[in-house]
Structures are given as structure tokens and as C-alpha cells.
Amino acid sequence: MEARRLGPVVGLGTWNTFGSDARTAREVVGAALESGGRLFDSSPMYGGAEASLAVALRGRRRDAVIATKIWAASVEEGRDQFRRQREWFGRIEIEQIHNLQSWEKHLHWLEAERAEGRIERLGVTHYSPASFAELAQALRTSRFETVQVPLNPREREAERELLPLAADLGVAVIVMRPLGGGSLVRRSPPAEVLEELGVQTWPQALLKWALSDPRVDVVIPATRSGEHARENAAAGSPPWFDDEQRALVERFTR
Ligand SMILES: NC(=O)c1ccc[n+]([C@@H]2O[C@H](COP(=O)([O-])OP(=O)(O)OC[C@H]3O[C@@H](n4cnc5c(N)ncnc54)[C@H](OP(=O)(O)O)[C@@H]3O)[C@@H](O)[C@H]2O)c1
């Protein structure tokens, strides 16, 4: 699999998948690791997903890049979340502020943790275009090293300001919702189209569509299936799509 600034380009999201089901977590996380995935995105918002991820990574924590989040209104609650994450994962490679929640309050203590080496990179996320102006404002402080935004053929608002800004500032980009939360994979185009795109499956075409933008570092499709995790990981190798192939994918998502 190709690696960019955050490592191999296909990671794994954990929202609404295995939750506190550690057995499913072991299967899906194992499949992702075995097929070359490294980055696992989670959050205290995702029920028991962080704890299950920690169980699934027992004995192979060193192979993983943990991208989790602080999702807390107060510093005290945020510090509690971080304490639990330290118990589960040790060092956090990417600590993101979830949906910009109280981001100005959290930055100071998170920067201190990074200075102590307990966090490697700080990031910030938001799913809603209504908050992209504030996300841009947060990036312009130059205090974040990663940003996480939605990007798929039907959600392209990040292309307007955030992707160019991230590129200018050298901020790495994590793509959430690369399959539109599952809505884009319900129907697949005919086999000739997949052949023209050089992929086996439609979800792979969608992941390649996002990864063909060189400003993107990693996509994090979520799944509760080991088979899907393997299928998704196979989309992480070149060749990438040219403009015509990207337009072809877009045509089948209208
Ligand atoms: N504000 C934030 O910070 C924020 C917001 C949204 C998302 N995120 C992160 O981004 C991650 C990804 O976004 P998402 O989970 O909303 O949406 P997504 O990854 O675009 O879509 C997930 C859906 O796609 C299906 N799927 C995955 N691989 C498949 C395959 N090969 N074939 C068929 N179906 C497939 C999954 O079902 P199966 O289980 O059946 O495979 C699941 O229903 C989240 O899990 C989370 O980690 C962050």
C-alpha cells in the first residue's frame, strides 16, 4: 500500500461499527493490519470503540497509528478522556479535537502533552460545511498538524477552502465518510466501468477517487466486516485516477 505523511493511505474508521464488541473489533482490526492498514480513527463519542480497539491491538500496538479524539466541553472532562486513552494506547500518535468542540480551551493542555511526547500530532475535525470557516480559522493558527473532513463525490465542500489551505500550511488531511456513510455503495456501476477504472469493486473506486487527490493523506472507511476491510485496503495502491476516471466515478454517484 502507498504511504503518505500519516503512513499507509487506507486506514479504518470506528464509528458505529464494532462498538464494545471486542470480538468483531479483533476481526476487523486484524484484517486491516494484515492488509497493510495502520491508522485507526476513533473517539470517546463512539461508545466502546476505543476500548475494543485497544483489546484488538494487544500484542500489535506498535503496528498501529492511533488517531483518536477529545470530545469534551470542559478541560476537566477532556483530561479524563486523555487519561483513559493513555491507559488503552500509551502514546497517542494523532489527538484530534472532535467537531471543534471547545477547541480554544483544549489547545493549551494538549500542546503541553505534545511537548512532553505523550502526543505526536494534534488535529481537528468537523463533518459539517457550516463549520468549515471555523475549521479554517483553527488551521490558520498553525497549531494543528492534521485536519479531518468529509470528502466523496457527493460531499466536496472541503475542496473549496480547506484542502488548498491545508496544502499551503503543510497540514495532513484525513478523509472521513469516503463512502458517504455507506450511501454511495448501495448500487454498483456495471463491470465494464470497474474495468475501465482498473478496480475490482465499486467501494474501491470511491476510495481511489478520494486518494487520487494528492492533498489527501489517508481515507478511513468504517466497516464491521473483515472482508470489507481487506477489500478497502486493496484500494490503497497506485495507479491513481486521472481527471477522466474521476469524472466517470462522479457520473455514477449522481
Ligand atoms: N466529526 C468527525 O470527526 C467524524 C464524523 C464522521 C465520521 N468520522 C470518522 O470517519 C469514519 C468513516 O466515516 P463513516 O463511518 O461515517 O462512513 P463511511 O466510511 O463512508 O461508510 C461506512 C459504511 O460503508 C460500509 N462499507 C465499508 N466498506 C464497505 C465495502 N467494502 N463494501 C460495502 N460497504 C462498505 C459500511 O458497512 P459494513 O459495515 O457493512 O461494511 C458502513 O455502513 C468514521 O467511522 C469515523 O471514524 C469522523
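A pocket, for today, is an open set of grid points with protein on both sides within 12 Å along at least five of seven lines. Hi everyone, with that in hand, let me walk you through this one, which is a predicted model.

Now for the largest pocket, whose volume is about 800 Å³. Here 31 residues form the lining, and W15, R177, G181, G182 and A222 are the ones nearest the centre. Sorted by class, we get 12 nonpolar, 14 polar and 5 charged residues. Helix α9 gives the largest share of this lining, with 3 residues.

So where does the ligand sit? In the largest pocket. There are 27 residues around the ligand, and D41, N99, L179, T223 and H228 come nearest. That shell holds 10 nonpolar, 12 polar and 5 charged residues. Helix α9, residues 226–233, again supplies the largest share, 3 residues.

Let's look at some polar atoms. R177 places a polar backbone atom 3.2 Å from a ligand oxygen. On the nitrogen side, a side-chain N or O atom of E231 is 3.4 Å from a ligand nitrogen, and a polar side-chain atom of Q148 lies 3.5 Å from a nitrogen of the ligand. As for cover, the ligand alone exposes 890 Å², and the protein buries 85% of that.

Thanks, everyone!

Methods. Residues are numbered from 1 along each chain as its sequence is written. This is a predicted model: local features need pLDDT of at least 70, side-chain atom pairs count only at pLDDT 80 or more; totals for chains, interfaces and linings use all residues. Side-chain values use heavy atoms; hydrogens and water are left out. A residue is near a molecule or strand if one of its heavy atoms lies within 4 Å of it. A polar contact is a pair of N or O atoms within 3.5 Å; within protein, one must be able to donate a hydrogen and the other to accept it, and residues adjacent in sequence count only if both atoms are side-chain atoms. Accessible areas come from the Shrake-Rupley method with a 1.4 Å probe; for residues, only the protein chains shown count as cover. On a 1 Å grid over the protein atoms alone, a cavity is a set of points where a 1.4 Å probe fits but cannot get out, and a pocket is an open set with protein on both sides within 12 Å along at least five of seven lines; lining residues have an atom within 4 Å of a point. A molecule sits in a cavity or pocket if more than half of its atoms lie within 2 Å of its grid points. Helices (H or I, at least four residues) and strands (E, at least two) are DSSP runs, numbered from the N terminus. Ala, Val, Leu, Ile, Met, Phe, Trp, Tyr, Cys and Pro count as nonpolar, Asp, Glu, Lys and Arg as charged, and the others, Gly among them, as polar. Grid points are joined across faces, edges and corners, and a volume is the space filled by probe spheres set on the points.
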